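Please keep the sequence and the model at hand while reading.

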Amino acid sequence: MSNLRSQPIILLPFSLHSDYSLSGDQGAAVAKLVKSITAGNGHQTLLGVTGSGKTFTMANIIERIGKPTLVMSHNKTLAAQLYSELKKFFPNNAVEYFVSYFDYYQPEAYIPRSDTYIEKDSSINDEIERLRLSTMGSLITREDVIVVASVSCIYGLGSPEDYQNMMLPVKTGDILDREEFLEGLVSLMFERNDIAFSRGQFRVRGDVVEVHPAYLEESAIRVEFFGDEIERITQINALSGTKMDTLDAHTFFPAKQFVTEKSKLNRAIHAIKQEANERVDWFEKNNKLIEAQRIRMRTDFDIEMMQEMGFCQGIENYSRHLTGRDPGARPYTLLDFFPDDYVLLMDESHVSVPQVGGMYEGDKSRKSTLVDHGFRLPSALDNRPLKFNEFMQMTNQRVYVSATPGPFEFINSRPDNKKFIPWKRGELSAAQALKKIRKQITTSGAEVPVEEFDVSSPGSNLVVEQIIRPTGLLDPILTLKPLNGQIDETIDMCRERVDRNERVLVTTLTKKTAEDLAEYLQETGLKVRYIHADVGAIERVEILRLLRAGEIDVLVGINLLREGLDLPEVSLVCILDADKEGFLRNETSLIQTAGRAARHVAGECVIFCDEVTDSIQALINITEYRRARQIEHNELHGITPQSVIRPVQESLSQATKYAEEADELNRSVLNEDEATYNATHVISELEEEMREAAAKLEFERAAHLRDQIKQLQKK
């Protein structure tokens, strides 16, 4: 959408700051991928093993390509980790964070079988909303932008044209009536509040107007008038009011993500009324009188709210009318704010690609029920995430990053691919896809790994392997053992590792097995905990911290001991019942699970099985190939493998401390006499601490504080 940018562009080259230098396979991977992207290829894959420094490789690609970049991750936690790392790599550039701004979200739904309507309920994280608004502003005004986003970037936003057209620029010396300026702020969804001054609000003191933009964290903008002339513009501290800087000009962005010009809003209301009348007539003709009354009441109320307030609950369901789109047309999303030549990096693509592919159908199913029973107009179906094909059309050049790319990545990155091949669930496995590609690119048809494709012209796409780790570490040794006696074998190996002050991961197939095994191992004297989906997110973080700190020796889990876990102290991974072929024991799962031991010099993965399945054989083949490459590289360069050494993250230990402090505070205030107990004051203090924690991306601490606030509100 580069043609939208009428505002001055802040153009800075990407400048990577790091104490590290490219090593191992990183230099070759960066060179090949940059060459492929420069040649105009649409698909390229970075097959980077666990611990090979894929994030640093991505940072170098961003610097050398020099284009706005979208880095997409499949969950908020990994996105926050990437954001933190890239922020350090590019301190002088605009590194932005764009994820769902809901701390809690219950979508609107209707269950016909029990006649149960569930109203939309959500809790918006103000800090993440600020970061989202900052992202949109940076994309419109800057070229040196890196956005780290979750799948929320494919959901609907307001029109970028409307967002830009409603921006309010001011400059010292401009002739502007103060009342016109205030009206402009109101049209940008700012609220006047002369007492409690916070983000998204403004206050007026005579000829001085102070505005706290929603996208700024601690500063506000003071605009001073002399008659109808802007005399001075100052950046101030929003809390103390002290001067921070003198500005020649400033541009105010909308305070909300969904904004519409007044003329468009009036046209939208007319279109909504017309659709509502047509829908009521259809229900009445089909003798659905309850549904007719339901949609009439809902629509009339929403229209009245939009006319009076410019906003209504669930206004996103009218986005098709508000943006003037045709029925069935795709919604505007964050991708519309990028220029045409941006680059997409999909981290953990084997999860991210299927996630994007499955979003549309799930959303459609829920909303169709609401439409059929008169809770929403049919146009609500156009408030949706992008379909997968639409997502691919809006992303010009893509780099898929994963230790275990899926069949989609392999098939689309093959050399003879001239056009996009759609993603479909349940097609070839990754192993079958890679086997097919390897035969196509070798004259003999031999089963050899993909090392390099010709990237001299568009259409000659690329798969790059990043196998050599900067630390010289090898892939874990694989050991196959029979199922008979697997528990006793596991106990013996755990004791051996514990004596060496090392940690162990054990994976099972069910939650009950994980819990029972953890209890049994505890009886043998081992310090054991289990982790699975029923364990709270905050408790999981604390369990992992305790494992790294040595307060837990063995961690038993199911499917959570895979992507994103960085546990340098783990030297042994035991996979129980490995020959039970399925989702938890397929090729991708086995490779990802075995990789958890790849950060320790004594890394080993023990596979308990009576039969070598195709997935186990694929793991064996890929491990043997990688170890051979890694050993050859180490011998050639005289490298001695060294374990990764990294201190336990402070933020994780702080999470427990703050949780204990919050619990103590909760107990103390509840035991006070009613005359001295001020629940409102305590809640206010906790909310302020929660916002501060979220601003620092300490989401564990923020979640603990949120839970304490809810408990106090109930009592």
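## The largest cavity

In this predicted model, helix H17 (587–594) and helix H18 (614–637) each contribute at least two residues to the lining of the largest cavity, and H18 gives the most, with four residues. Sorted by class, the lining comprises nine nonpolar, three polar and three charged residues.

## Aromatic pairs

Across the whole structure, 13 aromatic pairs are found. One of them joins Phe 14 and Phe 90, whose ring centres are 6.0 Å apart and whose planes stand at 80°, so the pair is edge-to-face. Because Phe 14 lies in the segment before helix H1 (26–38) and Phe 90 in the loop between helix H3 (76–89) and strand E3 (94–98), this pair ties together parts that are 76 residues apart in sequence. Both Phe 14 and Phe 90 are buried.

Tyr 20 and Phe 56 form an edge-to-face pair, with 6.1 Å from centre to centre and 70° between the planes. Tyr 20 lies in the segment before H1 and Phe 56 in helix H2 (residues 54–65), so parts 36 residues apart in sequence are tied together. Tyr 20 counts as exposed, at 62% relative accessibility, whereas Phe 56 is buried, with a relative accessible area of 9%.

## Cluster and charges over rings

Phe 388, Phe 391, Tyr 400 and Phe 408 form one aromatic cluster. Elsewhere, the charged end of Arg 132 sits over the ring of Phe 98, 4.1 Å from its centre, and that of Arg 294 sits over the ring of Tyr 110, 5.9 Å from its centre.

Conventions: Residues numbered from 1 in each chain as written. Predicted model: local features only at pLDDT ≥ 70, side-chain atom pairs only at ≥ 80, totals over all residues. Heavy atoms only, no water. Nonpolar A, V, L, I, M, F, W, Y, C, P; charged D, E, K, R; others polar. Phe/Tyr/Trp six-rings, centres within 6.5 Å; stacked < 30°, edge-to-face > 60°. Buried < 20%, exposed > 50% of the residue type's maximum accessible area, 1.4 Å probe, protein only. Lys NZ or Arg CZ within 6 Å of the ring centre and 35° of its normal.
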